[in-house]
Amino acid sequence: MIAKAKAISHGGISIDYIARQGDTPVVKLNFLPSGVDPWALWERMRAHRVQSQVSHRQLKNDVIRIEISPTEEESAGWTMNDWRELAEQFVREFDSVRLPYDNGKSRPPCNMANSQYIVTLHYDSESGIPHMHLDCNRVDMDGYINDDQMIGKRAVAAANRVNRLRKWNLPTIVSMKNKAIVKQSCLAALSELTDFSWNEYSAKLESKGYKVKFRLDSSGAVKGYMVQMGNSVYKSSDVSRDLTPSRIRKTWEGMHPESRYEQMTPKERLAFVLSPEGEKFIFQFCVNLDGKSIEISVSGKAAQGFYDEIKKFPVSSQAEQDGIFKTAMLLFANYVVAATTFAENCGGGVSSPDSNWGRDKNEEDILWARRCCRMAREMVTTPRRRGMRM
């Protein structure tokens with residue numbers, strides 16, 4: 001369970017809102033009559049402050065507003081009596097909180113149990129999870145003012161006490177668990193996107209039961225966003241740094257290396273091949289031979305092997321280097337006959353590898369790729385001898 005509190009100056013509007021013009025279930029009325037409309041309740045509170053000789057100048061914020069939100073699991077199957085017991089327990093714990101001044105002395109406690117207040121039950125419009133609103137008069141029935149300094153901390157402390165008494169998880173533990181769930185949902189939404197866009201990302205999350213709210217800069221670009229899970233709202237930076245606007249596209253690209261690779265320049269592709277991320281990727285290559293296309297797939301480590309080996313060779317032209325590379329690719333994929341024909345088309349004179357040629361058992365991709373490169377260089381660069389077929 002979590003709780004939030006704030007002292008406000010618009011008590012009448014707040015009471016009218018939490019009572020929804022009398023249509024919202026009332027959990028409890030404390031020192032207030034039943035069967036009257038919300039504005040009549042507010043007039044009762046105001047009249048009490050006048051009778052207690054507390055002026056508006058003394059008390060600008062005249063109502064303490066509190067929201068009490070147990071989790072869906074904690075409130076499952078509850079009756080109105082269960083909600084009333086929770087409200088009363090929370091009020092007792094709230095009144096028992098002692099917060100210190102800067103000099104170490106304790107601030108005066110609140111006395112909500114001896115104050116006029118109304119508690120109503122609301123249901124979240126998106127998730128349907130119930131929570132309570134409590135509006136309390138700042139002036140108690142004896143004419144003393146309920147202290148509103150550090151009111152938010154009082155609410156958190158009271159909620160923690162209730163959680164311990166009821167053996168519920170503390171909000172920090174619940175928050176950690178929820179953030180982990182939200183993170184997995186966000187990553188799942190990203191993995192389902194064929195192309196990254198904020199609209200599609202938001203739609204995927206909303207289809208999973210979340211609500212997304214974006215914060216835009218002056219140019220309309222997404223500067224930040226929040227994901228709502230039930231009654232809880234989490235900033236992307238609190239869920240995961242990898243999901244913030246500045247990093248989320250890179251996170252998506254890591255899940256879809258094929259899309260990222262297609263958009264790279266040749267220089268960027270080379271750097272990607274040599275990166276740890278690239279080593280895990282399967283690269284697709286195409287070799288055209290006699291009007292036919294041969295598709296070849298190699299691992300990132302194999303691609304690194306081709307690069308490491310070929311860059312050692314002194315070559316006379318880019319065409320020669322390309323010929324060595326494509327011949328090596330064909331050998332790697334065990335297209336020996338096709339490799340021989342391709343090498344000959346490049347001007348090579350070696351007909352084919354000998355009968356002992358082949359991949360050794362348990363030979364790693366990178367080592368096999370390098371060996372194919374050395375053989376391909378010999379096939380492409382060795383001149384034809386007299387008498388060989390043209």
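Here is a walk through this predicted model, from the whole chain down to single residues.

First, some housekeeping. Residues are numbered from 1 along each chain as its sequence is written, and side-chain values use heavy atoms, with hydrogens and water left out. Local features need pLDDT of at least 70 and side-chain atom pairs count only at pLDDT 80 or more, while totals for chains, interfaces and linings use all residues.

Let's start with the overall picture. The protein chain has 15 helices and 10 strands; these are DSSP runs numbered from the N terminus, with helices being H or I over at least four residues and strands being E over at least two. Of its 390 residues, 45% count as buried, where buried means under 20% relative accessible area, exposed means over 50%, and partly exposed is in between (1.4 Å probe, protein chains only). The accessible surface comes to about 21400 Å², and carbon and sulfur atoms own 49% of that; the areas come from the Shrake-Rupley method with a 1.4 Å probe, and for residues only the protein chains shown count as cover. As for contacts (heavy atoms within 4.5 Å), take those in the protein chain with a separation of 6 or more: 62% of them come from residues 24 or more positions apart.

Now have a look at the sheet made of β6, β7 and β8. These 3 strands form an open sheet in the order β6-β7-β8, with antiparallel pairing; two strands pair if DSSP finds at least two bridges between them. β6 and β8 (232–235) sit at the edges with a single partner strand each, so one side of each has no neighbour in the sheet. From one strand to the next, the twist averages 25 degrees, with axes fitted as lines to C-alpha atoms (for helices over the stretch in contact) and angles running from 0 to 180 degrees between N-to-C directions. Zoom in on β6 (residues 211–216) and β7 (residues 222–229), and you'll find 6 bridges in the antiparallel sense. Along this pairing, V212 stands opposite V227 in β7, and K213 faces M226 in β7. The hairpin of β6 and β7 has 5 residues between the strands, and there G220 takes a positive phi near 90 degrees.

On to the charged pairs. The structure holds 15 salt bridges, each being a side-chain nitrogen of Lys or Arg within 4 Å of a carboxyl oxygen of Asp or Glu. One of them joins the side chains of E93 and R161, at 4.0 Å from N to O. E93 lies in helix α3 (residues 80–96) and R161 in helix α4 (residues 151–165), so this pair ties together parts that are 68 residues apart in sequence. E93 is buried at 15% relative accessible area, whereas R161 is partly exposed at 31%. D147 and R154 also meet in a salt bridge, at 2.8 Å from N to O. Here D147 is buried at 10%, and R154 is buried at 0%. Salt bridges with shared partners join R107, D147 and R154 into one network. Another bridge links E363 to R371, their closest N and O atoms being 3.1 Å apart, and E363 counts as buried at 13%.

Last come the cysteines. With a disulfide taken as a pair of cysteine sulfur atoms within 2.5 Å, the count comes to 0 disulfides. C136 is in no disulfide, and the nearest cysteine sulfur, that of C110, is 7.8 Å away. C136 is buried at 0% relative accessibility. The sulfur of C372 has its closest cysteine sulfur in C373, 7.1 Å away and too far for a bond; C372 is buried too, at 0%.
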